[in-house]
Each structure stands twice: as structure tokens, then as C-alpha cells.
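I opened the model to look up a few local features. My notes follow in the order in which I made them.

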Amino acid sequence: MASDAPQPSDPGKTEVRLPAVSIEATEKQFLAVACVLLVALASLTVSGCLNEPFSTYDDPVNVVNNRLLFHETSWWTTVSQPHFAQYNPVTMISYRLNFEVFGREAVWSFRAVNWLLHAGSGFLLMWLMLAIGLGRWEALFVALAWVVHPMACESTAWITERSNVLAFFFGIAALAVYVRRQGSWTGLVSATVLLALAMLSKPAALNWIPIFVAYELLGGPYRLGSVQAKSDVNNFAGMGVRLIPMAVLGILFTWIGMHAHRIGVMPPPGGSKFTALLTDTEIFGRYLFNTLVPVKLSAIYHVDDVESLADPRIYMYTLVLAAAVAGTIYLARNRWRAAFGWLWFFLGFATNANLIAISFVMADRYAYIPAAGLFLVVVETVMGIAGRLAPAGEVAEGLVPPPSRSMRTSLTAVAALYISFLGILAASRSFVWSSDLLLFQEAMARQPESAIARFYFAITETHVSLVYRDGNTEVQKRLRESLVNQADAERIIKRNTEEARKADENAFTAISEGLQMKDAYRYFDPLKIRVIMAQSAVQFNRYREAQKCLEGFLPPPVHPKGPDAGLLESDVKDGYRAMRYLDFDLPYHYDVATLANAYNVAAEAELEAFLDPANPADQARASLGRVIEYSDRSAETRPLLVDAAFVKAGAILAQEAMEHLAPEGADETQKLKLARELVAKARPNLNSKNYFANDKPVGNAAEEPAPVIPLARLKAWGFMGVAETYLNDSQIPALEPDKAIQLAEQGMVYADKAVAIDESCYDAVFYKALLHLALDQYFEKKKDFAASNEHFAKGKKLLEKIPPVARRYEVAQRDLKTLQPPPKPEQKTGAPATKTEEPKKTDTPASKTEPAVKTEEPKKTDAPAAKTESAAKTDEPKKTDAPAAKTEPAAKTDEPKKTDAPAAKTEPAAKTEEPKKSDAPAAKTEPAKTDAPAK
């Protein structure tokens, strides 16, 4: 094969001018075809999820809720601050630009940018392949196979992995510039800057440095470009000078990465670095298979630790890898390039080879850099075999002849089929990334022995449960969309307690099974998964299992900014608690938020134990004490987690009921029964949606810790929860007015207690106002207008008392503007309202009277219905050929004779439309007059 690379005039010099393979000299037609193919095939990696919402798989912490990306945060903070144990300012800048340019709702823009960066990386890869001596279509094949590979979906479809895409983009650009401008100071500086940008995108870009070293050690453009120099092609002095900047970058970013990642350090597979290397034999073998035949990809992989040399997997995978390396190098057209491809493949896993262990021993994103080197090996091997099968031609000594024309045609067809095969798999794989449920269901199915796959599936199921419990809020809506793709989103739109319980059961089962598996210890936060398991158990009233889940996993509380003997100073700032893992003497870390949530779930389990009628009085009282203890620990650990305050409010309500609300002379059993009844009524309404200090939201950032909640507020919350339940029960449409009044008056008792205990609890004031307005409606239906007017006045007065600092202020003001009822006659005790008799039909116009015309009752809503202007209720007049005449409400009229003349116009109250449902009473409107005849 004739070489494109020239013989150097002076082998001792390192400066090289690369020849006519320059991309500028390539035919425009080839360039156009290459660009179109690269962009089109790269799109397949995001085609199934381009416009789907953010995933809950790390996207919230890295993108959606990342304060470094908020508009209020300065750009300097975005650039200078580390995030989530990594310092990657280039990635943060790219995320923020996405938000600034396209807005926070344009999720498609994130994947579109990933797609274009991925296609650009493919073009740079092709440019590099041309520079080291591959033909145009060979270089294009390497780029296309890498671009359309389904393993790339994890980097392009998963928005969190934008960092991986950027690291490859800048890394391949650095290597291409380094190769093409070797011997030039400008080329060296440019390559160094580009490599630094790659490392500032993701610390794993350190994997590029050994690839640079491998390129130099294998002879650079001389041997890789098929130039057989007679002298020493490895000018070690020049090579050392060129690699100095790379070495400095490597040392600097290794230190940064180790410092940041120590809060995520894991025991290596098998417990030591030696066993990690033994385990890597299987891992590399599986990466090799997944790259060439990617039919069993997964978001999470399981690999059994190899713990001794007696494990036969070592020899099996070592034999396979050795045979693959030796065989391909021997058959390759250019053995130096094949060797470089293999070094690229193995060294590209440098930081992901489990010597610095993390939770995932293997992942598709780890193969994003190495896969390109393996496709170089494939091209060299195939071309070598094809050349050896071709008739001998006139080629330089020691070189493989080029394949025949017919062979090239066959190879082109095979390459096209292989690219198409990868494209179909990529499109299918990208669809899996459109939904958390699809992703982790597949992972659990394909990796049945993986505990971590089950753990992530369980986390997803707890999100499903949350959506089913309240599918209508904005937060739940976004969560629902991330769980299922848009085509299936509408099947989770309403509350469904049964489906929520099923999801909790699935989560509990998945964690229970996962904890029995070998790799359970590799999950980075064992407390978190036990909290999820306990929380799921609490949701379906299995509190004993919840208690068992957390036994031995509740260390003393620690404030994220406070000193503690078990904490490293730098870790405290990030909110992590350093622990010791039981089986390995390595530092381990609990997230402070997880620890606080663990105390909260423990408190919930103890409150459920209190509610269990099978527990005797002494055990029930002990459970209440533990509820308060765990709630206080949660508040001490992380004041921002306010759910524990509501659990504590339930315990305080129980204590109040037993000590002060039970009838005089009640025994312990009766007191306990009353307390359980009240707590059961209050529990559904005690949640963080009502957490306000003076009804103003607080504690919305780590820098603004929530204040201590006074005991009076907790007591008020408990009674308010009971009152809210009675209010909701009273609004059941099928209830008779008497029963509705009875329930609302019971609720008023507890609303009065809540307001009396804490007048500044304006939520309680608001609910008391709602109860008065509900009673107004119920008494009106009974035609007890005196009581109705009294409750209306009290409800209105309470709404007027709600100050601007209260969160209900705007709702109260809106209601006040519409609460303008017409006057209702005062009903005298024992005297019914005046009634008019129905006029008889007459043939002459009826004399004018002025009765109040009966209006239709508006349809019942959850809030008090709108009231129309009417005096006493009149009986419906009989049908006449003319409109009914007006009557005086006080005087009884004789039935007029029938007449054919039209009746005088009346002025009835117009029928009001059904008021919309709201948290507040519906507006009372003054009815408009109408000329329509009364029926």
C-alpha cells in the first residue's frame, strides 16, 4: 500500500509536516457526505427522548435544582464553586447558557446540544484518523461507528452526562491538534488548553493523558502513519518536553479529583486493589463484547467480585483478551496503529478501572472514550485480512497490500450493514432513556443479580407512589412526566391509593431482595436505601418492618455546619457525615439530608405504633416519647426538613387529648381511644404544605435555616388538622344539612382550640373562617336565616383578620371582594317565614304584587354555594298563559281569575351558574333582574 506520509528529511528532528491527508484538501463532496451522516446518525442517540422531561436520575441535583445555574447566582459563583463532589465549571457554564438562552422548560435544548456536540466529536475523530494515516472512508467508518453506537445514549440522552460529552469533545480536539501540529509550539499550547477544558468539564478526562503518552511511545506520526524510518523514531527528549504540560495537568486534576471524590469513595471490588485488578479482567471482557455487539446494554451492571486467583473467570477472560489483542495486532494492516487502538481502549478506562472505587463498577458512559480506539483496531484488522486475501501487488517490503476492488465493495456493504445495525439499537436504546420506569425496569430485568439496579428501581417506585398519592400538584406533575414518557403520561393523572400502595410494595420488595445480594455493599449510601424501604413500609402500615429497617442505622444527629468527631471539615461544608463501613476500614459518608429523613421516618413508624390498637397503653405512651425524640433529632440534624415537625405535632395532639380532652373520670383505655381517634383524623392534614412561621415560607436555602417551631404552633397544627378533616367530611354532597351542620360544629370546636392556642397561626384562622361559611350555607338550606347570617358575618370577620404576612392573605382578600350577600330576612324564633299562596289562573291580567320569586338552588360544591338575592321562599305558581303577577311578601293574595292577557313582568333573581370548586367559600353574587316570565 502506498503511504500518504512522507519520509522525513532528517530523522533526528521531531517536527513533522503532515501530507495531503489534510482535511482542507479533502474533496468537498466527501466532507458534505461525512457531515450529513455524522449529524443524522448522532441524532439517533437522542431520537427516542429528545423532548422528554428531565430524569430523576441525578438530573435534579445536577441541573434542575442546581443553585449554581440560577439566574440570581453570579456567573463568578457558577465558575468558581464545585458542585456535588466535582469541580466542572465548563459543564456548569454550558448548563447555565442552556437556561439563559432557551429557558428552564426547554428540556429538548439540553439533549439537542448534546447531540450536536456528539456529532462534532465524531467529525474531530474522523479528522484524527485521517491524520494518523487512515483512508477517508476508513476514517469515516470509525467516526460513524462511534457516533451511532448505542452505548453513547447514556452520555447524550442523560442530561447529567453533558460533562462526558464535553470531556470527549475537548479531549479529541486536543489530541487531533497535538497530532497534526506536532513539533509546533502553537500546537502544543492549543492542545494543552483544550485538554484543560476537557478536565474542567469532567475529571474523568484525565483518561486522555495516557492516550497522549501511548501515541508518543508508539512512534507518533512515523509508525502510525506507516513511515518505516531507519533511525530512532522515539526522540525521548523531545517527547518528554512535549508531555510536560500534560503531566502537570494530570497531577493537578488528579489532586482535585481525589479531594472532591473522597466523600464518594467505595471499597474496591473484593476489598483490595489487587482483587479490583482481578475483577477488571471480566469487566474489560464485557466492555469488549458490549462495544462490538451491543445487544445487552443496561443502565446498571452487576459484576461478581473476583477475590482470589482460584476464580476461573480470571483465566477465561484473560485468555479471551490476550487472544483478541495478539490476533488483531498480528493480522492488522499496520500493527502500530492496531497497538495504539488497543492502548486507547484499555487506557481510556484509567480512572474507571475500580482502583479508585465508586458505586458503579461498570457503566456505558465509561466506555465513551475507549470505544473509539477499539473501532480503530477493527478497521486495521479487517483491512489487514482483506489485503492478505487480495492478489499480491507492488507494495513496499513488509506492508500489507490493499484489498481488491471487489473486496472493497463487499467491505463497504458489510460496513453499511453494521452501521445500520448500530443505528437501530441506538434508536431503541434512546427510547429507554425517555422514562425512569423503563430504564430501571430494563436494568433489573437484564441484571437480575444487581442489588443497585433494584435499589434504583425502588427509588423510582417511591416516586410513582408519591405521584399517585397527589397527582395534581405542579411538583407531582413534573415527577410524573419523568417517570413515564409523554405517550404514557396520562395514565397517572389522579389520586389512586391502591396504585400508590402497590408501588410502595414494589419498592419494599425490591430493596428487601437487593439487600440479600452480593453487591449491596456497593451502594454509596446504605442508610438512604433503608430509609426508602422503611418509608415504603410505613405507607402500607407495616411499622414494625419500618422499625426493623432502621435498627442500628441511626447514629447521633449532626448539624451540617457543626463540628463533630466523625466529620472531616471539608465534608461538613458539603453536608456529609463521615462514617466507617462495617466490612472495610474505609471512610464512608451519609448525606445529612438522608440522616434527617431517617429520623423523620423513624418518628412516623413510632406514631403508627401508637395508633395500633393492639399495643397496650404503656407501649403507646413509650411510642409517643420516641416520636418526639426522633422528631427533635431530625430538626437538630437538618432544620430544613420540616416534615418531622408535623409528626411531632401529631404526638403532641395525642398527649393533649389524653391529658386535657378526655371526659372526667375516663380510664386509660378511654383516653387512649380518644387520642388515637383525633390523631387519625389529623394525620392526613399534617404535612409540609402547611409549614409556615407566621404563615410565611422559611428555610428555603441552606444559608437560611428554619427557626425553632414553638410548642404552641405544634399544638395549633394538631387541632387544625382535626378541624380540617371535619370540614372536609361535612362537604360530602350526599349529606343531609343536619348531619353537615353537626360535623362542621364538631370541627369548629377544634378550630377554636387551635386559634385560642396560637392566634398567629393564620392557617387555623382561615380554616375557622371556612367552617363558619360552610355553616352559613348549611343553615340557609334549613331556612334558618338568622343562624346563617350570624355565621356569614363571623366568617367574613375572620377573613378580614388575616394579615398580609400570611400565605392565605391573597386568597382571603379575593374571597372578601366577592362575599357581598344580599340581605336575608331575620327569622323570628318559632315563626316561619311568610309564605305567598299560588295565584289561580285568570283570563285577565293579574294585579301587580311583589313576591320574591323562588330561584333554583345552585349545585352543591365543596365550598359554600353562591347565594342569590331572595327574601322568603315562595311556592311555585301554577302555569298560566301569562307571566305571574308580583305579590307582596307579607300579604296573602286571593287567587285571581284566569285571563288571556299577558301577566305583568316580574323581577326574579336570575339563576346562578354552578360555582367552581375552591378552598375558600364561593363568591356570593347579587342576582341580575330578568324579564323572562316565571314558569
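Which residues form one aromatic cluster? I listed W146, F168, Y178, W208, F212, Y215, F340, W344 and Y368.

Before going on I noted the conditions: this is a predicted model, in which local features need pLDDT of at least 70 and side-chain atom pairs count only at pLDDT 80 or more, while totals for chains, interfaces and linings use all residues. Residues are numbered from 1 along each chain as its sequence is written, and side-chain values use heavy atoms, with hydrogens and water left out.

**Aromatic pairs.** My search of the whole structure gave 36 aromatic pairs. The rings of Phe, Tyr and Trp (its six-membered ring) pair if their centres lie within 6.5 Å; planes under 30 degrees apart count as stacked, over 60 as edge-to-face and the rest as tilted. I looked up W146 and F168: their ring centres are 4.2 Å apart and their planes are at 20 degrees, so this pair is stacked. The pair links distant parts of the chain, with W146 in helix α6 (residues 136-147) and F168 in helix α8 (residues 162-180), 22 residues apart. Helices here are DSSP runs of H or I with at least four residues, numbered from the N terminus. W146 is buried at a relative accessible area of 2%, and F168 is buried at 0%. Buried means under 20% relative accessible area, exposed over 50% and partly exposed in between (1.4 Å probe, protein chains only).

**Charges over rings.** I found R542 over the face of F508, 4.7 Å from the ring centre. R676 lies over the face of F610, at 5.7 Å from the ring centre. The criterion is NZ of Lys or CZ of Arg within 6 Å of the ring centre and within 35 degrees of the ring normal.

**Cysteines.** How many disulfides does the structure hold? I count 0 disulfides (pairs of cysteine sulfur atoms within 2.5 Å). For C153, the nearest cysteine sulfur is that of C49, 7.4 Å away. C153 is buried, with a relative accessible area of 0%, and C761 is buried with a value of 0%.

**Two helices.** I checked T462, which is in helix α19 (residues 451-469). The T462 side chain reaches the backbone oxygen of I459 at 2.5 Å. Leaving out residues up to four places away in sequence, T462 touches A507, I532 and S536 (contact means heavy atoms within 4.5 Å). Helix α25 (residues 592-611) has 20 residues and reaches 29 Å from its first C-alpha to its last, close to the 28 Å expected. The expected span is 1.5 Å times one less than the number of residues. I found α25 mostly covered, with 19 of its 20 residues buried.

How values were computed. A polar contact is a pair of N or O atoms within 3.5 Å; within protein, one must be able to donate a hydrogen and the other to accept it, and residues adjacent in sequence count only if both atoms are side-chain atoms.
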